[in-house]
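User: Can you take me through this model? I have some questions on particular residues and then on the overall fold.

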Amino acid sequence: YGREESADEILDDLHNKENVTGVIYKGDKEEDSDQIKGYLYGFKYDFWEHDIDWHDFECFDKECEEKEHFAEAMQAELERENVLYVSNLLVEKRYRHKVIEIINGFFEKVRASRVDYVVFDAMPKTFNMIMKDGRPNPLREQMFRLKVIGKTGYDAFLVKVLR
């Protein structure tokens, strides 16, 4: 899709964003051993940069049934820096079989950082790894130890990281 970050964009995120959390995958073939072949990272959610329209938010969990109350609760989570924003998942085609490993590694780092929520601004293939027919996929929720809370009008989804 041409959405890969350039090295300069990644370095800019690493140096200028707060609470950067992520993983990289280096190729397991000798000729690729010193090259990044995949990455998944996120950083502190910035409400001003990635605004969620709570009126357009599709809720999948009882936690967000009362949208106004939930929006206030999420604002408190944002103030506590308890929400990561992720739009940076890319794996070279010949290493796509490592995507599950990369996602699991990412969530382990998130758990270690004690962050409870992640907003994924995902491309369709990533969206469909967590969702099935536009709804949370219980098998994937269990696999990644997360709970899909809901999705935005632009198909980003909010997950709660389970411990």
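User: Is Lys151 buried or exposed?
Analyst: In this predicted model, Lys151 is buried, because its relative accessible area is 13% and the cut-off for buried is under 20%.

User: Where is Lys151 found?
Analyst: Lys151 is in strand β8, which covers residues 146-151.

User: And what does Lys151 touch, sequence neighbours aside?
Analyst: Leaving out residues up to four places away in sequence, Lys151 touches Asp56, Phe57, Glu58, Phe60, Phe127, Met131, Gly134, Ala156 and Phe157.

User: Phe127 and Phe157 are both on that list. How are the rings of Phe127 and Phe157 arranged?
Analyst: The structure holds 14 aromatic pairs. In the pair of Phe127 and Phe157, the ring centres are 5.5 Å apart and the planes are at 70°, so the pair is edge-to-face. The cut-off for edge-to-face is over 60 degrees.

User: Phe127, buried or exposed? And Phe157?
Analyst: Phe127 is buried, at 8% relative accessible area. Phe157 is buried too, at 1%.

User: Which residues make up the cluster of linked rings?
Analyst: Ring pairs join Phe106, Phe107, Phe120, Phe127, Phe144 and Phe157 into a cluster.

User: Switching to Val118. Where is it, and is it buried or exposed?
Analyst: Val118 sits in strand β5, residues 117-121. Its relative accessibility is 0%, so Val118 counts as buried.

User: What is Val118 in contact with?
Analyst: Beyond its neighbours within four places in sequence, Val118 is in contact with Leu84, Val86, Phe107, Val110, Phe157, Leu158, Val159 and Val161. Phe107 and Phe157 from that list are also members of the ring cluster.

User: How far is Val118 from Val83?
Analyst: Their C-alpha atoms are separated by 5.5 Å, and the two residues are 35 residues apart along the chain.

User: Now Gln75. Which helix is it in, and how is its accessibility classed?
Analyst: Gln75 is in helix α2, residues 67-79. At 32% relative accessibility, Gln75 counts as partly exposed. Its C-alpha atom is 8.7 Å from that of Phe47, a residue 28 residues apart from Gln75 along the chain.

User: OK, the whole chain now. How many helices and strands?
Analyst: Five helices and nine strands. In sequence order the pattern is α-β-β-β-α-β-α-β-α-β-β-α-β-β. The radius of gyration is 16 Å, close to the 15 Å from the globule rule for 163 residues, so the chain is as compact as a globular protein of that length.

User: What does the C-alpha trace span?
Analyst: About 55 × 35 × 30 Å along the principal axes.

User: What share of the residues is buried, and what share of contacts is between residues 24 or more positions apart?
Analyst: Buried residues make up 43% of the 163. Among contacts with a separation of 6 or more, 69% come from residues 24 or more positions apart.

User: Last one: surface and charge. What are the values for the chain?
Analyst: The accessible surface is about 9500 Å², and 48% of that belongs to carbon and sulfur atoms. There are 25 positive and 35 negative side chains, and the centres of the two sets are 7 Å apart.

Key
Residues numbered from 1 in each chain as written. Predicted model: local features only at pLDDT ≥ 70, side-chain atom pairs only at ≥ 80, totals over all residues. Heavy atoms only, no water. Helix = DSSP H or I, 4+ residues; strand = E, 2+ residues; numbered from the N terminus. Rg over C-alpha atoms; globule rule 2.2 N^0.38 Å. Buried < 20%, exposed > 50% of the residue type's maximum accessible area, 1.4 Å probe, protein only. Contact = heavy atoms within 4.5 Å. Areas by Shrake-Rupley, 256 points an atom, 1.4 Å probe, with all protein chains shown as cover. Lys, Arg positive; Asp, Glu negative; His and termini not counted. Charge placed at Lys NZ, Arg CZ, Asp CG, Glu CD. Phe/Tyr/Trp six-rings, centres within 6.5 Å; stacked < 30°, edge-to-face > 60°.
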